[in-house]
Amino acid sequence: MKIWQWVVGAVAATAVVATAGVGIAVQHERDSLVVAEPYQMASPEPFPLVDASPQQIDVEALRASLSKQAAHEDVGRLHVRVSNGVTGETIFDQDSTSPLRPASATKLLTAAAATLTLERDDVVNTEVVVDGEAATIIARGDVWLTPEKLDELAAQVRDHGSVNAVYVDTSAWQEPTMMPGWDPEDIDAGYIAPMEPVMVYGARLGGATHGDEPRSHTPALDVGRALAVRLGVDPKSVELRDAPTGARVVGTVESPPLHERLREMMKDSDNVMAEAIGREIARARQHDGKGATAPQATLDVLREAGFDLSGVTLKDSCGLSTEDLIPPKLLDDVLLRATQSEDLRPVLDTLAVAGGDGTLVKRYGDLPGKGWVRAKTGTLTGTSALVGTVTSRAGNVYTFAAISNDSDIETARAALDRFASTLRDF
């Protein structure tokens with residue numbers, strides 16, 4: 001198990017956002033937005049989560065308010081747990097041990113497993129090897145590749161000499177390119193791409209760099225063809241082919257560090273990034289002789305960390321699968337661990353800020369939780385989830401995990417935002 005030596009002022013940051021005029025250019029879950037250049041916030045002082053002293057509140061009044069909201073028809077079938085992030089006391093519970101379809105709240109488990117398994121500054125390398133006059137891209141999972149990185153690779157290959165063929169080795173990932181419960185139509189809708197271990201901007205088409213834009217059906221071949229064009233090779237000749245044994249490495253580029261990739265994946269709820277990180281976890285464990293699929297590897301990490309996985313069914317790493325089932329108790333347990341110990345503390349820094357950035361940038365309006373709620377969202381047809389933390393006016397820190405099924409998305413979202421905002425007043 002890896003413990004990141006990284007102190008994060010995750011909850012304190014919300015106070016800064018609450019008073020700042022935030023303009024953020026960001027694409028978020030099932031919505032797009034183009035606004036001004038982002039406001040640059042000063043780094044907050046670390047919030048003393050572990051040593052904080054909870055303030056006395058009217059717990060019964062809080063429970064009564066939460067209970068009334070949880071019973072409202074707007075939330076459909078709602079399972080939820082709210083906890084005191086310092087003491088661990090359960091403040092409110094409604095069927096939290098019973099699993100529901102979580103949508104992108106699943107990404108919290110992927111982020112937690114990555115934090116426990118990998119190092120903060122881990123990167124994914126993409127190499128080009130040359131054998132004779134053929135160049136082969138060895139893809140290892142960098143779906144964050146950019147045209148500039150391809151330019152670097154091309155320059156490195158040209159320094160070696162000329163080539164007349166380009167291939168792509170995708171053997172690093174042995175899992176299916178489409179996971180159970182995914183709809184192939186979601187490729188053209190922009191929510192996922194066939195999971196091949198190298199992509200430019202997550203396989204988005206038309207030069208798009210962010211958001212739910214239509215994705216390629218052949219992401220690895222696209223990368224090979226783009227490199228071929230840069231090397232003066234016919235792009236139509238590019239094929240998927242294993243790299244020859246003993247070929248010489250002539251070019252290497254690397255992805256952004258893990259902590260940046262996790263933050264982007266979580267805040268913008270990017271499914272392709274989540275799947276890639278899930279496979280990164282699995283590959284890291286394979287080096288220890290514990291080979292497993294990405295979802296199973298994530299569950300194994302969490303189980304070994306002491307989490308109760310009762311009722312969990314995990315078919316992917318991003319939550320796009322309609323077959324995923326997670327009880328809110330597990331999600332809240334992860335957040336409690338993050339507020340109370342260093343091993344998962346970095347996860348808090350990946351959560352979107354209500355009304356400030358990521359998938360929450362256009363939510364919360366004038367609700368009291370604006371700027372104070374930090375959360376991971378989840379959205380599928382009939383499913384809305386909100387999982388995160390709130391710092392109250394009294395200085396208490398709360399964690400919560402709420403999953404709504406059989407509900408209207410927009411109506412349930414608004415109800416969950418009101419639910420989380422209630423915690424701000426206590």
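Student: Is Arg 140 buried, exposed or partly exposed?

Tutor: In this predicted model, Arg 140 has a relative accessibility of 28% and therefore counts as partly exposed.

Student: Which residue does Arg 140 form a salt bridge with, and how far apart are the atoms?

Tutor: The partner is Glu 127, and the closest N and O atoms of the pair are 3.3 Å apart. Because Arg 140 lies in the loop between strand 4 (134-138) and strand 5 (142-145), while Glu 127 belongs to strand 3 (residues 125-131), the pair ties together parts that are 13 residues apart in sequence.

Student: And Glu 127, buried or exposed?

Tutor: Glu 127 counts as buried, since its relative accessibility is 18%, and the cut-off for buried is under 20%.

Student: What about Asp 151, which side chain does it meet in a salt bridge?

Tutor: Asp 151 meets the side chain of Arg 230, with an N to O distance of 2.6 Å.

Student: Staying with helix 4, which of its residues are buried?

Tutor: The buried residues of helix 4 are Leu 150, Leu 153, Ala 154 and Val 157. They cover an arc of only 100° around the axis, which means that they lie on the same side of helix 4.

Student: What covers those buried residues?

Tutor: The cover of the buried residues of helix 4 includes strand 3, strand 5, strand 7 (198-200), helix 6 and strand 9 (248-254).

Student: Which residues do shared partners join into one network?

Tutor: Salt bridges that share partners join Arg 81, Lys 329, Asp 332 and Asp 333 into one network.

Student: Where is Arg 261, and what does its side chain do?

Tutor: Arg 261 is placed in helix 7 (residues 258-268), and it is buried, with a relative accessible area of 1%. Its side chain makes a polar contact with the side chain of Ser 255, at 3.4 Å. Leaving aside residues up to four places away in sequence, Arg 261 touches Asp 122, Val 123, Val 124, Trp 144, Ser 255, Pro 256, Ile 277 and Glu 280.

Student: Now the whole chain: how many helices and strands, and how much counts as buried?

Tutor: The protein chain has 11 helices and 13 strands, and 57% of its 426 residues count as buried. Its accessible surface comes to about 16,600 Å², of which 47% belongs to carbon and sulfur atoms. Among contacts between residues at least 6 apart in sequence, 71% join residues at least 24 apart.

Conventions: Residues are numbered from 1 along each chain as its sequence is written. This is a predicted model: local features need pLDDT of at least 70, side-chain atom pairs count only at pLDDT 80 or more; totals for chains, interfaces and linings use all residues. Side-chain values use heavy atoms; hydrogens and water are left out. A salt bridge is a side-chain nitrogen of Lys or Arg within 4 Å of a carboxyl oxygen of Asp or Glu. Helices (H or I, at least four residues) and strands (E, at least two) are DSSP runs, numbered from the N terminus. Buried means under 20% relative accessible area, exposed over 50%, partly exposed in between (1.4 Å probe, protein chains only). A polar contact is a pair of N or O atoms within 3.5 Å; within protein, one must be able to donate a hydrogen and the other to accept it, and residues adjacent in sequence count only if both atoms are side-chain atoms. Contact means heavy atoms within 4.5 Å. Accessible areas come from the Shrake-Rupley method with a 1.4 Å probe; for residues, only the protein chains shown count as cover. The arc is that of the directions from the helix axis to the C-beta atoms.
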